[in-house]
Amino acid sequence: MSTTFSAGDHVTCTYGGKSHSGTYITDRDGMAVVKLASGYNIGVEKACCTLVSPAPASSSRAVPIRQDPKLPELAIISTGGTIASRIDYRTGAVTSQFDADDILTAIPALAEIGRYRTKVLYTILSENMTPAIWQELAKAVYDEIKHGVTGVIVTHGTDTMAYSAAAISFMLDTPVPVIFVGSQRSADRPSSDNAMNGVCAALAAESDLGEVAVVMHATTNDDSCAIHRGTRVRKMHTSRRDAFRSIGIPPVGTVDYATRAVTLTGEAVRRGTHKLALHDKLEPHCALIQFYPGMSPDLLKAYNGYKGLVLAGTGLGHVSTALIPPIKKLIAGGTQVVMTSQCMNGRVCDRVYDTGRDLLAAGVIEGGDMLAEVALTKQMWVLGNEKDPAKAAALMATDLKGECMPRSAHGL
């Protein structure tokens, strides 16, 4: 048996008492990382591997994979992120630039689900996302749906994916699934979640869903993915594969990885419910800040001239009494101020305590049970499309895309 391999070598290895064939990628922590035909990576002792054939001396371009013209057509729009990466098997390097052949090489099982149109919109780290890119993304998704695709998959870095999903939810009325998907762990790691997340995203994109959603691992196991409404989801862990959670409501569906079955709840918006429409105006001069004990009122001066401000207050939606005068001044100057809560569940109610009543008297809008980041993207959209302050305030308090439930679910 050989214990010296090069990236791209075709090898066989023993894992779990069975023989597997795949492509050697690299060494990590003394183990050989091998990519199987399924797209999954495994880590095995190098002594368990046998060289079948050396890496081809061809270019780094992916080998074309046949797409079945009889399968449904899906669009993949890449903004960057780990899941959109492909591996150069000769160097072990990862790049976010890809086309259909690249992504099908990285996740071969996708070819069994659909045929794909791909567009690289951006190749950025998700913390570099901006409202202007959201507008470009909304237009790109709109164009693909207008083209007639069965569904759209948006690959995205996980750190700000919930913000983007919420923003697109407000900007786009969609008759088909628009699925945001990412990967918590890079494609060269044995524990990578890119293959399963990608497959589940494609299955969800062909389902009866008719709204914007995030599809990611439901558990730490490779058994199922959850379908989270785009306006009710938050990343809750820095690195776990099941980092994403629906907040305030259960997930609107699940995808069973083994059976490929998609199950939607009664709350999920169904395919064809809405007619395609694009409303992509945004007001970028909005901000989100979190209150903390001892917060200086002077900090609010930085937001003079802003069109909107979302406050993440304590409990039912409170800040210190010292902040109420500068908040009142901001509102008098034309800034819309919306109050949300730092709590994960429950809703804002500023009618219980004196501080809350003073905030309402100052003109603060209650954000109900909206997540703070969702309130921010909604405020950008509302202020971009409605110039009348009273109507804009009414829209902020109105449930538009499932972001503001009339009552909180018991136990959530």
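## Cavities

In this predicted model, the lining of the second largest cavity is made up of 8 nonpolar and 2 polar residues, with no charged residue among them. The space inside this second largest cavity comes to about 60 Å³. Its lining consists of 10 residues, and Ile103, Leu110, Ile153, Thr155 and Gly198 are the closest to its centre. Two elements, strand β10 (151–155) and helix α4, each give two or more residues to that lining.

A search of the whole structure returns 2 cavities of 30 Å³ or more. The largest cavity holds about 100 Å³ of space and is lined by 17 residues, with Ser341, Cys343, Gly346, Asp369 and Met370 lying nearest its centre. Its lining divides by class into 7 nonpolar, 6 polar and 4 charged residues, whereas the lining of the second largest cavity has no charged residue.

## The second largest pocket

The second largest pocket has a volume of about 270 Å³. Its lining comprises 15 residues, and those nearest the centre of the pocket are Lys307, Gly334, Gln336, Leu383 and Pro389. At least two lining residues come from each of strand β22 (336–341) and helix α8 (389–396), and α8 provides the largest share, 3 residues. In terms of residue class, the lining of this pocket contains 7 nonpolar, 4 polar and 4 charged residues.

## Methionine 396 in helix α8

Methionine 396 is placed in helix α8, the helix that gives the largest share of the lining of the second largest pocket. Because the relative accessibility of methionine 396 is 1%, this residue counts as buried, the cut-off being under 20%. When residues up to four places away in sequence are not counted, methionine 396 touches Gln336, Val338, Ile365, Met370, Ala375, Lys378, Gln379 and Val382.

The C-alpha atoms of methionine 396 and glutamine 336 are separated by 9.9 Å, although the two residues are 60 residues apart along the chain.

## Nonpolar cores

The largest nonpolar core has 88 residues, and Val141, Phe180 and Ile227 are those with the most contacts inside it. Helix α4 contributes the largest share of this core, with 9 residues. Another core, of 18 residues, lies apart from it and includes Leu309, Val319, Ile327 and Met339. In soluble globular proteins, nonpolar side chains tend to be buried together.

What is isoleucine 227 in contact with, leaving aside its neighbours within four places in sequence? The partners of isoleucine 227 are Ala204, Leu209, Ala213, Val214, Val215, Pro251, Val252, Gly253, Thr254, Val255, Val262 and Leu264. One of them, Ala204, is a buried residue of helix α4.

## Valine 52 and the chain as a whole

Valine 52 lies in strand β5 (residues 49–53). Because its relative accessible area is 45%, valine 52 is partly exposed, a class that lies between the 20% and 50% cut-offs. Leaving aside neighbours within four places in sequence, valine 52 is in contact with His10, Val11 and Thr12. The C-alpha atoms of valine 52 and glycine 22, which are 30 residues apart along the chain, are separated by 9.6 Å.

The protein chain contains 8 helices and 23 strands, and 52% of its 412 residues count as buried. Of the contacts in the chain with a separation of 6 or more, 70% are between residues 24 or more positions apart.

How values were computed: Residues numbered from 1 in each chain as written. Predicted model: local features only at pLDDT ≥ 70, side-chain atom pairs only at ≥ 80, totals over all residues. Heavy atoms only, no water. Buried < 20%, exposed > 50% of the residue type's maximum accessible area, 1.4 Å probe, protein only. Helix = DSSP H or I, 4+ residues; strand = E, 2+ residues; numbered from the N terminus. 1 Å grid on protein atoms, 1.4 Å probe; cavity = no way out; pocket = protein on both sides within 12 Å on 5 of 7 lines; lining within 4 Å. Points joined across faces, edges and corners; volume = space filled by probe spheres on them. Nonpolar A, V, L, I, M, F, W, Y, C, P; charged D, E, K, R; others polar. Core = buried A, V, L, I, M, F, W, Y, C linked by side-chain atoms within 4.5 Å. Contact = heavy atoms within 4.5 Å.
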